[in-house]
Amino acid sequence: MAYSDKVIEHYNHPRNVGSLDKADPNVGTGLVGAPECGDVMKLQMKVNPQTRVIEEAKFKTFGCGSAIASSSLATEWVKGKTVEEALAIKNTDIVRELALPPVKIHCSVLAEDAIKAALGDWKKKQGEADLKPAETASAHN
Amino acid sequence: MSVIRSQDAQTEGIPVTSCWNCRAAVTGAHFCAACGKVQPLPAGASYFAFFGLPQKLTIEPASLEGQFHMLSWKLHPDNFVRASEFERNLSLERSSQLNDAYRTLREPVARVEYLLEHLGVRKEGTTKQQAPPELLEEVFELNESLDELREARAAGGDVAALQGRLEAAQQNFQEDLDDVDAELAGLGREWDAAVDFGGDESTKKALLARMNEVLNRRAYIRNLVAGVQKELGG
C-alpha cells in the first residue's frame, strides 16, 4: 500500500508534536487507541475560557504513518478554531484531506475521537457537562 | 429456493452440493465419496472445515500436521497432470487453501483471530474496538519510556545503564505477553467446552467478546515487545 504525499509530508514533518501541562485547567487531554493495530494517540489543547478559542494544540502518537499524519493534521486544523468548530471536524474530512485508503480509515476515526475526548476533558475541567467520547464518536464511514 | 445445509458439527453451515462429475451429494469434502473426483471449494467453508475439524480452539499440533501432510500429498498438482484443466485448477485452489489453513490454524493466536473473523466478531476497520483507559495510559507511558531510551541512546547516553533498563523492560513486556497468552488459552478452553456441551448463544457471544478484548490488549503488548527487541538487536 502506498501512502499519499500528504501523509508522507505529515509523517516526515509532523506539526505540533509534544505535550501541554495536563494539570492546567485550560488544557484538555484526550488519550485514545485503536487496539486492532496497537496504535495509541494523545491530543492536548489549550483553550481560552473567555473566547473558547483553541490557542495551542499538541499531540503524540505511537502508531503507523496514517495515525501520525491524522493527528498532526488534527492539531493544525483545531488551532484558532472555537471549541464548537473543532467538535464539528469529522473523520471524513481527514480521510479526504490525506487521501487515506479504506484500511486506514480507522486512523482518522482515532483523530476525531481524540479531538472529542480532549475537548470533553476541557469542558469537564471548566465545569461544563461532560461529553462522553464513546457517545460522540462518529459513524465509521 | 431453500439450500440444504449440513447439520454435522464439522461441516456445519456448509451447503450440500452435488459432485460436478457424478452428481452425488458432497458437503465440503475434498473428494467425492462416490467417484473420487476432487471438488470445488464450497462458499463459506472455514479453515476448520477444511481439516474436518469442529470450530474449536484446542488443536493437537501433531494430528494437524499429519492431516496437512496427508492432504498435501492427496491434493498435490502432480497427481493431476493427466487430469482435465478443470481438475488441475481445483487441485491448485485446494492446495493453496490448504497452505493458508494450515499456517493459520497451527498458530494458537492466529487461530483465535481467525475464528473471531470467521464468526464476524473481528473485522479490521469496520467494528470499533474499545480499549480501557487504564490500558491506554499504561501503553502510552511504556511507549514514551521506550522513546526516551531510544533518544538517549541516539544521543550517546550511558549505554550500559540503558541496556539494563531495556532488558528489564523487555522482561516485563514478555511477562505481560505470556500472561495474555495464558488468558487467551483459558478462554479458548471455555469456548471448546461451550461448543462440546452445546452452550447457549449468549455464553458463546460473551466468550468471543472477551477473546476479542484479550487480542486487543495483546496487539499493544506485542508492539511494545517488538519495539524493545528492535532496540536491543540494533
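Here is a short chat about a predicted model.

Biologist: What are the ground rules here?
Modeller: This is a predicted model, where local features need pLDDT of at least 70 and side-chain atom pairs count only at pLDDT 80 or more, while totals for chains, interfaces and linings use all residues. Residues are numbered from 1 along each chain as its sequence is written, chains are lettered from A, and side-chain values use heavy atoms, without hydrogens and water.

Biologist: Where is B:R111?
Modeller: In helix α4 (residues 108-118) of chain B. Helices are DSSP runs of H or I, at least four residues; strands are runs of E, at least two.

Biologist: What is the nearest side chain of opposite charge?
Modeller: B:D192, 7.4 Å away.

Biologist: Which backbone oxygen does the B:R111 side chain reach?
Modeller: That of B:L105, at 2.6 Å.

Biologist: New topic. How do α1 and α2 of chain A pack?
Modeller: At an angle of about 80°, with axes 8 Å apart. The two are therefore roughly perpendicular (65 to 115 degrees).

Biologist: Which α1(A) residues meet α2(A)?
Modeller: A:V7, A:H10 and A:Y11. Their partners include A:I68, A:A69 and A:L73.

Biologist: And A:N16, buried or exposed?
Modeller: Buried, with a relative accessible area of 17%. A:N16 has a positive phi of about 60° and is not a glycine.

Biologist: What about B:R23?
Modeller: B:R23 is exposed at 57% (the cut-off is over 50%). Its phi is also positive, near 70°.

Methods. Buried means under 20% relative accessible area, exposed over 50%, partly exposed in between (1.4 Å probe, protein chains only). Lys and Arg count as positive and Asp and Glu as negative; His and the chain ends are not counted. A salt bridge is a side-chain nitrogen of Lys or Arg within 4 Å of a carboxyl oxygen of Asp or Glu. A polar contact is a pair of N or O atoms within 3.5 Å; within protein, one must be able to donate a hydrogen and the other to accept it, and residues adjacent in sequence count only if both atoms are side-chain atoms. Axes are lines fitted to C-alpha atoms, for helices over the stretch in contact, and angles run from 0 to 180 degrees between N-to-C directions. Angles under 35 degrees count as roughly parallel, over 145 as roughly antiparallel, 65 to 115 as roughly perpendicular and the rest as oblique. Contact means heavy atoms within 4.5 Å.
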